[in-house]
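Dear colleague,

Please find the structure below, handed over for your study.

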Amino acid sequence: MNWADTIIQGVLLGGLYALFAAGLSLVFGIMRLVNLAHGDLIVLAAFLILLLVSTLGLNPFVAAAVALPVMFAIGWVLQYVVLNRTLGDDILPPLLVTFGLSVVIQNGLLEGFSADSRRISAGSLETASIQVGPISIGTMPLLTFLSAVAVIVALNLVFYRTSLGRAFRATSDDSSTAGLMGIRSERIFATATGIAMMVVTIASLYLGTRANFDPTQGPARLIYAFEAVIIGGLGSFWGTLAGGIIMGVAQTVGAAINPEWQILAGHIAFLLVLLVRPRGLFPRAVD
Amino acid sequence: MALLETHGLTAFYGDFQALFGVDLVLNEGETVAVIGANGAGKSTLLRSISGLLRNAPGHIRYDNAEIGALSAPDVVRLGIAMVPEGRKLFPSLSVEENLLIGKYGRSVSGTWTLDAIYDLFPVLKERRSSPGTALSGGQQQMVAIGRALMSNPRVLLCDEISLGLAPVVVKDIYAAFPRIRATGASIVIIEQDIGQALKVADRFYCMMEGRVTLSGTPGTVSREDIHAAYFGAHKP
Ligand SMILES: Nc1ncnc2c1ncn2[C@@H]1O[C@H](COP(=O)(O)OP(=O)(O)OP(=O)(O)O)[C@@H](O)[C@H]1O
Ligand SMILES: [Mg+2]
């Protein structure tokens, strides 16, 4: 076994988990909302891309670009019309509603696409790789990882360098005082969820081209995303990337030792980090 | 003519009634002080005007329109900005970002730009990249005032600016008010500190237990009358 190779594959896999997690991290950071349907929304976006590829014959990357604004709109409306009504001092309503939403999406997809497992074909890119010394790096895993880094950089720029980002942070600090500044928190929340759904779309492109998916896979993606967010520390995007990488490396190392240990090793890494740093690796200073 | 006016304003926190028919008039360009003891209802009055409390439809007029039913973001967009009690700076934002957020999502024109605020309170320029909440109380109050001014409001509502500040600091901050008035803004100042409030105000209202007990012009009302209206009894 080649350890360097295993670890590099793990880091690249971590990029995928970071993409699963970044949207969750954004939404939680701004409105303390835990969206239990996050994983199902990833699968929904994958089916949307699949539909665009199969009916219009689009290249998957073009299809994802078309899906981005559609998913933004879905996220915006979902938040504005449904999820905003669940926000308040009680944490139970958003959990119940997003759990229900998860069930609805899964069953809707089963109805529309059957339980068959699908895959989005990326053509020759799927098998392409780059040789670095003795290690061969798959082009798609590398693209996944680079996309994750780009998404994290972009989210940080929006969050810390734009007027919208200031409104995100102010609303998260104190939404009623933010109202005195002319900030309409319902729209801020809707925009945040819209952006999260754009990240979800990017995640789904790599999910769908990398392996088979079916309508029931959402909850498993949600767990990885959760663990990555919590390892990284709530509210830190770079932490979320680090969390994804830790999950990815733990899984590939676990699998290298014994293929049955892949999933378990990820969960154990999560528990170990929680044991040592209950607030995650990079918790936000202000909370 | 009145720019802002409340008539028979009532306000409730659940079943608890905090205001019992408050009539207040703010004329264009005027500075009005509202004084009163703890719990008199001063903050409740400002929160009702600014849209944070929304149980007064039909009782607040501004610029010839009824605004009692509007939300806080709508009210500030019409030109009524508030410096809230306790300053309420955003801890995740730097001083400069706290100022910038005062005009979020709008391109407002007028005297008050970042540079004008830094000119008004020069110390803020040095601390522009510090987190807002890392400043001293007085500097935080300057940020809160600057943040409200950034929207170039026609009406500025100030809730207990002097709260918890040393007298010299309070004097410094109030020294900025003539320049704020000079831009034509109409101002409502809430204070427990009667002396400070009456020094800057053209007129004053005194509140007790959710009602206006006295109003007038500073200098024409005796200390005894103010005491009676403030505490509810004549000083022995
Ligand atoms: N959120 C609230 N819930 C219930 N009652 C409240 C609330 N806020 C204020 N009150 C009550 O309403 C009354 C008026 O309060 P308000 O804050 O307007 O007084 P104030 O004149 O601003 O006092 P202070 O000088 O202490 O700021 C008080 O009796 C207070 O206890
Ligand atoms: Mg008060």
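The term pLDDT denotes the predictor's confidence in each residue, from 0 to 100. This is a predicted model, in which local features need a pLDDT of at least 70, side-chain atom pairs count only at pLDDT 80 or more, and totals for chains, interfaces and linings use all residues. Residues are numbered from 1 along each chain as its sequence is written, chains are lettered from A and ligands numbered from 1 in the order in which they are written, and side-chain values use heavy atoms, with hydrogens and water left out.

Chain A has an average pLDDT of 93, and 99% of the residues score at least 70. Helices (H or I, at least four residues) and strands (E, at least two) are DSSP runs, numbered from the N terminus.

Strand β3 (residues 31-36) of chain B is largely enclosed by the rest of the structure, because six of its six residues are buried. Buried means under 20% relative accessible area, exposed over 50%, and partly exposed in between (1.4 Å probe, protein chains only). B:Thr31, B:Ala33 and B:Ile35 point one way from β3(B), whereas B:Val32, B:Val34 and B:Gly36 point the other way.

Two strands pair if DSSP finds at least two bridges between them. β3(B) pairs with strand β8 (residues 186-191) of chain B in the parallel sense, over five bridges; in β8(B), B:Glu191 is the bridge partner of B:Ile35. Five bridges also join β3(B) to strand β9 (residues 203-208) of chain B, and these two strands run parallel. In β9(B), B:Arg203 is the bridge partner of B:Val32.

The last topic is the ligand. Ligand 1 is surrounded by 15 residues, the closest being B:Asn38, B:Lys42, B:Ser43, B:Thr44 and B:Glu85; a residue counts as near if one of its heavy atoms lies within 4 Å. The largest share of this shell, four residues, comes from α1(B). An oxygen atom of ligand 1 lies 2.7 Å from an N or O atom in the side chain of B:Lys42, and an oxygen atom of the ligand is 2.9 Å from such an atom of B:Gln192. A polar contact is a pair of N or O atoms within 3.5 Å; within protein, one must be able to donate a hydrogen and the other to accept it, and residues adjacent in sequence count only if both atoms are side-chain atoms.

Yours sincerely
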